[in-house]
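This briefing goes through a two-chain structure by topic. Please keep the sequence and the model open while reading.

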Amino acid sequence: MPLKRLIFRVFIAVMAFSALEAQGAAVAVGQFNRYQGTDGVLVNSPYTGVDLDLDERTKLAMHYTLDAVSAASFNYSQGKTHRNDPSRQAGSCKTCHTGVDAISGASQMYQDNRHDVNLRVTRKIGETDVRPGYIRSEENDYVSQTIKLDLDQNLFSRNSTWSIGFRRLSDLITPVWTKNITHSLITDGASLGLTQILTRGTVVKAGVDYTQANGFQSNPYAWIQIGNQTSSPVPERHPEEKQRVDLSASLKQALPWSSALELDYRYYQDTWDVKAHTAEVGLTKDFGWLVVEPFWRYYAQNQAYFFKNFYSVQETYLSRDLKLAEFSTQMLSLSLRGELGNGWSTQFRYSHFMRQDDLDYRRYFADVAVTADLFVLGFTYQ
Amino acid sequence: MRARLFILIALLAAAGCATVKPWEKEVLSQPQMSFSHDGLDQHFIDHAVMTIEQAEGGAGGAGGGCGCR
């Protein structure tokens, strides 16, 4: 039972925190996050975590996130391709879709919970931080496990910090409609980064990240209509291999009146021919009791080589995944952070996310490109 | 791509050229000087954006079930 499991995990975290809090060696975080999109997706995401100082050189972080997802996108009987066709009304899914659970296909709302447990140890050895970590993310049809190792090395009177990291993700995908079939995906990654203090008020960061994924990377619930043949759609097929690299650079510049400017840029490229640019600008002002940060983000990508809005014939790879189309997004955020006293602090953030594209949405659930509102409200005790 | 790599390597090569003494780091230690991507709230934002954009984070543990699509 997810609720019992959640209560148990929170109880364990609170007990562990209480035991060590007496020694003044712990940080506890509680946060509530919410995503609400115009495409019918609603995610409520509570998050809790404790960071414990086990000794002078060792820190243990335990974090837990629940994503309670509801989406209208499974309501095919009310979708544009179905609602005007009497032969495709609720409960008739099996007529066209082999192995389809007619009840799920006809239900008004799809719901799923994702549980994410993140464990990380930080061990300080001289000027080096060694950080092994483990992450497990679990849904009713998707289990993802990550093992990772990060090393941070301080140099030049701590004016430079080099970081190197390695990770392996092992995913198992078991679609709810075909529980006897399990797909797997292995993803290996490595990253290298540098944080460099340039002056008394200037810090820069740069990094490169490489990832290689092998295995099932399609959406098992996505079906493609070929030409005008509406009665026998075929499953989405993505390539099983993908290599990707991204380069990033950031600048933080102190400004007068306890304020600072942040500039970020990121370039992404993968072997599915997607290239993407991300630019971000943030301004931070510290009022003493409150830190205010307005933030603007712009993202643009071109489409994957096999993406099409409509297919007239079967092809080796088939995808109408909106994530693989050509589009751009913008996000505006306002973040407020404040001290409440007695060791408590709080944070609130509101973000408005907008996607722009020129796609034909006739065969998608949504009518236009998605916009979304994101809320974060958190409390920290230290 | 090569030009971007060159810029990155040049930036990395600059490491250690400037030395700021510990007692000169007062401004750097103030709250407004933290990089926004280091904040706890950023994990949720990154995860949400990851489900929409192809250039997702790559840090692992996110899962990829249908709910996220």
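Is A:Asn342 buried or exposed? A:Asn342 is exposed, because 6 other C-beta atoms lie within 10 Å; a residue counts as buried with 20 or more other C-beta atoms within 10 Å of its own, as exposed with 12 or fewer, and as partly exposed in between, with C-beta atoms placed from the backbone. This is a predicted model, in which local features need pLDDT of at least 70 and side-chain atom pairs count only at pLDDT 80 or more, while totals for chains, interfaces and linings use all residues. Residues are numbered from 1 along each chain as its sequence is written, and chains are lettered from A and ligands numbered from 1 in the order in which they are written.

**Confidence**

- The model has an ipTM of 0.78 and a pTM of 0.82.
- Chain A has a mean pLDDT of 84, with 83% of its residues at 70 or more; pLDDT is the predictor's confidence in each residue, from 0 to 100.
- In chain A, residues 98-108 have pLDDT below 50, and this stretch has 23 contacts in the model beyond near neighbours in sequence. Two residues are in contact if their C-beta atoms, placed from the backbone, lie within 7 Å.
- For chain B the mean pLDDT is 69, and 55% of the residues reach 70 or more.
- Residues 58-69 of chain B have pLDDT below 50, and this stretch has 42 contacts beyond near neighbours in sequence.

**Make-up of the chains**

- Chain A contains 2 helices and 18 strands. Helices (H or I, at least four residues) and strands (E, at least two) are DSSP runs, numbered from the N terminus.
- Chain B contains 2 helices and 0 strands.
- Of the 382 residues of chain A, 30% are buried; of the 69 residues of chain B, 41% are buried.
- In chain A, 54% of the contacts between residues at least 6 apart in sequence join residues at least 24 apart.

**Contact between the chains**

- Chain A gives 81 residues to the contact and chain B gives 40.
- On the side of chain B that touches chain A, α1 (2-13) and α2 (41-50) of chain B each supply at least two residues.
- That side of chain B is made up of 22 nonpolar, 13 polar and 5 charged residues. Ala, Val, Leu, Ile, Met, Phe, Trp, Tyr, Cys and Pro count as nonpolar, Asp, Glu, Lys and Arg as charged, and the others, Gly among them, as polar.

**Helix α2 of chain B**

- α2(B) is largely enclosed by the rest of the structure, because 7 of its 10 residues are buried.
- Its buried residues are B:Asp41, B:His43, B:Phe44, B:Ile45, B:His47, B:Ala48 and B:Val49.
- These buried residues pack against β1 (26-37), β2 (42-53), β16, β17 and β18 of chain A.

**Nonpolar cores**

- The largest nonpolar core has 15 residues, and A:Tyr35, A:Leu374, B:Ile45 and B:Ala48 have the most contacts inside it. A nonpolar core is a set of buried Ala, Val, Leu, Ile, Met, Phe, Trp, Tyr and Cys residues joined through C-beta atoms within 7 Å.
- β3 (58-71) and β18 (371-381) of chain A and α2 of chain B each supply at least two residues of this core.
- α2(B) gives the most to this core, with 4 residues.
- Leaving aside neighbours within four places in sequence, A:Tyr35 is in contact with A:Val43, A:Ala372, A:Leu374 and B:Ala48.
- Another core lies apart from this one and has 13 residues, among them A:Ala276, A:Phe307, A:Phe327 and B:Ala55.

- β12 (residues 241-255) and β13 (residues 259-270) of chain A run antiparallel and are joined by 12 bridges; two strands pair if DSSP finds at least two bridges between them.
- A:Arg244 has A:Asp270 in β13(A) as its bridge partner.
- The hairpin of β12(A) and β13(A) has 3 residues between the strands, and A:Trp257 there takes a positive phi near 60°.
- β13(A) also pairs with β14 (residues 275-286) of chain A, in the antiparallel sense, over 11 bridges.
- A:Ala260 stands opposite A:Thr284 in β14(A).
- The hairpin of β13(A) and β14(A) has 4 residues between the strands, and A:Asp273 in the turn has a positive phi of about 70°.

**Loop residues with positive phi**

- A:Ser258, in the loop between β12 and β13 of chain A, has a positive phi near 55° and is not a glycine.
- A:Ser258 counts as partly exposed because it has 17 C-beta neighbours inside 10 Å.
- A:Asn342, in the loop between β16 (327-341) and β17 (344-356) of chain A, has a positive phi near 55° and is not a glycine.
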